[in-house]
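The following exercises are to be worked with the sequence and the three-dimensional structure at hand. Each task is followed by a solution in steps.

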Amino acid sequence: MFRFITSGLFLLSWSVSSQSMEPVGYSGTWASAAYFNNAIDVISETVNIDITDDANNAGYTVSYKLYNNREGLQFPLVFEVFDEFGQSNEFEITVDGQSVPVVTVTEDNNGLETSDFYMPANTGLEQFRADSKYINLDLSSGLHTITATYDVQPHYYGSDWTARHTYSYSLKPRQQSDTQSQQFQGSTVTLNFYGDADHVTVNIDNEKTALPANQPLYFNDNLAKEIDFIIQAPLKPVAKVLTAVSPFITISFALFVLGGLHLRMMKRRQQAQPETLWTVMLVGGFLVPLLSLIIYYIYLLVTDIVIGKGATGDSRDLFFIWVLPLGYIVITPIYLIISFVVFMMVKQTVTKTVK
């Protein structure tokens with residue numbers, strides 16, 4: 001009988017705990033270096049990323065020092081910055097300190113020819129995607145500074161106990177000028193995070209390293225790079241212990257304890273009031289699954305309280321949305337079957353003892 005109960009409870013707990021680990025997240029803003037007209041030599045690129053303490057929003061300031069080799073150039077550069085939140089529409093561009101109108105590429109209005117722009121090898125870009133930003137003006141020949149400022153939404157991942165926010169930026173190779181003074185000197189990327197620097201790591205082409213607080217990253221190799229700034233609060237020692245306990249263990253423990261109490265109650269009721277054994281079996285059959293799920297929710301709640309600021313709370317939100325109703329629908333019929341089998345065993349055992 002014990003082995004039967006054990007197998008049944010393990011099956012039930014696994015079916016619910018596996019449902020609680022679905023990933024929660026969304027994509028934020030995809031930001032990358034600008035594409036430049038073939039007539040322009042980019043001399044330097046400076047990127048400043050200003051992130052607030054809560055890591056839910058950032059301001060990007062991207063500045064280019066460049067030399068224009070063609071008088072009256074109309075379309076000097078194109079920014080591919082896009083997201084699903086309309087955040088990238090908050091876009092401002094200045095040329096030599098003067099604000100200029102920003103034009104947005106649309107699906108049915110794309111007058112830009114990619115052949116007019118320098119495209120790094122293996123780009124394969126036939127046209128600029130919708131929501132790309134550019135400027136239309138007569139740019140005089142010579143040195144200029146073009147600066148773009150825009151707001152960015154982070155890529156969010158909430159299936160960990162603490163939220164993970166990722167801000168990304170893609171560097172692009174630049175065409176090299178024949179003139180020494182106009183050759184590309186490199187890109188400088190600086191993260192300005194007004195929070196705990198211990199929460200930040202940097203990922204460059206899938207290699208993670210510790211990021212010194214507010215220290216610039218300098219790249220002069222003129223290669224494409226994917227830079228991710230990852231912000232995630234570390235767990236406290238007590239929280240590490242709590243999070244090490246899987247949902248499978250938590251629900252299994254609750255089912256074993258409550259199932260054991262249910263079994264004990266049925267045995268006592270069979271001896272004292274055998275006519276009410278059916279009632280005890282049915283009431284316990286419906287209550288044990290519900291109470292087990294509630295205990296699991298309390299475990300989630302206590303864990304989030306211990307973690308404090310930075311706790312996602314997504315596990316608790318998912319619990320009420322569908323883990324509780326779905327889990328109860330799955331567990332209850334199976335547990336009622338187990339209760340009925342145990343009920344018959346208890347009844348037979350007590351009957352034999354009386355005889």
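Helices (H or I, at least four residues) and strands (E, at least two) are DSSP runs, numbered from the N terminus. The model is predicted, so that local features need pLDDT of at least 70 and side-chain atom pairs count only at pLDDT 80 or more, while totals for chains, interfaces and linings use all residues. Residues are numbered from 1 along each chain as its sequence is written, and side-chain values use heavy atoms, with hydrogens and water left out.

**Exercise 1. The protein as a whole**

State how many helices and strands the protein has, and what percentage of its residues count as buried.

Solution. 
Step 1. The secondary structure comes to five helices and 17 strands.
Step 2. The protein has 355 residues, of which 45% count as buried.
Step 3. Contact means heavy atoms within 4.5 Å. Among contacts between residues at least 6 apart in sequence, 80% join residues at least 24 apart.

**Exercise 2. Helices α2 and α4**

Describe how α2 and α4 are oriented relative to each other, and which residues make their contact.

Solution. 
Step 1. Axes are lines fitted to C-alpha atoms, for helices over the stretch in contact, and angles run from 0 to 180 degrees between N-to-C directions. The axes of α2 (residues 237-244) and α4 (residues 277-307) come within 9 Å and cross at roughly 155°.
Step 2. Angles under 35 degrees count as roughly parallel, over 145 as roughly antiparallel, 65 to 115 as roughly perpendicular and the rest as oblique. Therefore α2 and α4 are roughly antiparallel to each other.
Step 3. A crossing is left-handed if the near helix is turned anticlockwise from the far one by less than a right angle, and right-handed if clockwise. The crossing of α2 and α4 is left-handed.
Step 4. From α2, Val-238, Ala-239, Leu-242 and Thr-243 meet Tyr-299, Val-302, Thr-303, Val-306 and Ile-307 of α4. These residues divide into seven nonpolar, two polar and no charged; Ala, Val, Leu, Ile, Met, Phe, Trp, Tyr, Cys and Pro count as nonpolar, Asp, Glu, Lys and Arg as charged, and the others, Gly among them, as polar.

**Exercise 3. Helices α3 and α4**

Carry out the analysis for α3 and α4: what is the angle at which they pack, and is their crossing left-handed or right-handed?

Solution. 
Step 1. Helix α3 (residues 247-272) packs against α4 at about 155°, with the axes 9 Å apart.
Step 2. The pair α3 and α4 is therefore roughly antiparallel.
Step 3. The crossing of α3 with α4 is right-handed.
Step 4. Among the residues that make this contact are Ile-251, Leu-255 and Arg-269 of α3 and Val-280, Leu-291 and Tyr-299 of α4. The contact of α3 with α4 is made by 15 nonpolar residues, seven polar and one charged.

**Exercise 4. The salt bridge**

Find how many salt bridges the structure holds, and compare the accessibility of Asp-221 and Lys-225.

Solution. 
Step 1. A salt bridge is a side-chain nitrogen of Lys or Arg within 4 Å of a carboxyl oxygen of Asp or Glu. A search of the whole structure finds one.
Step 2. Asp-221 forms a salt bridge with Lys-225, and their closest N and O atoms are 2.5 Å apart.
Step 3. Asp-221 has a relative accessible area of 38% and is partly exposed, while Lys-225 has 11% and is buried.

**Exercise 5. A buried loop residue**

Identify the residues that Ala-39 touches, not counting residues up to four places away in sequence.

Solution. 
Step 1. Ala-39 lies in the loop between β2 (35-36) and β3 (40-51), and is buried at 7% relative accessible area.
Step 2. Ala-39 touches Tyr-67, Asn-68, Asn-69 and Arg-70.
Step 3. Ala-39 and Tyr-67 are 28 residues apart along the chain, and their C-alpha atoms are separated by 8.6 Å.

Conventions:
Buried means under 20% relative accessible area, exposed over 50%, partly exposed in between (1.4 Å probe, protein chains only).
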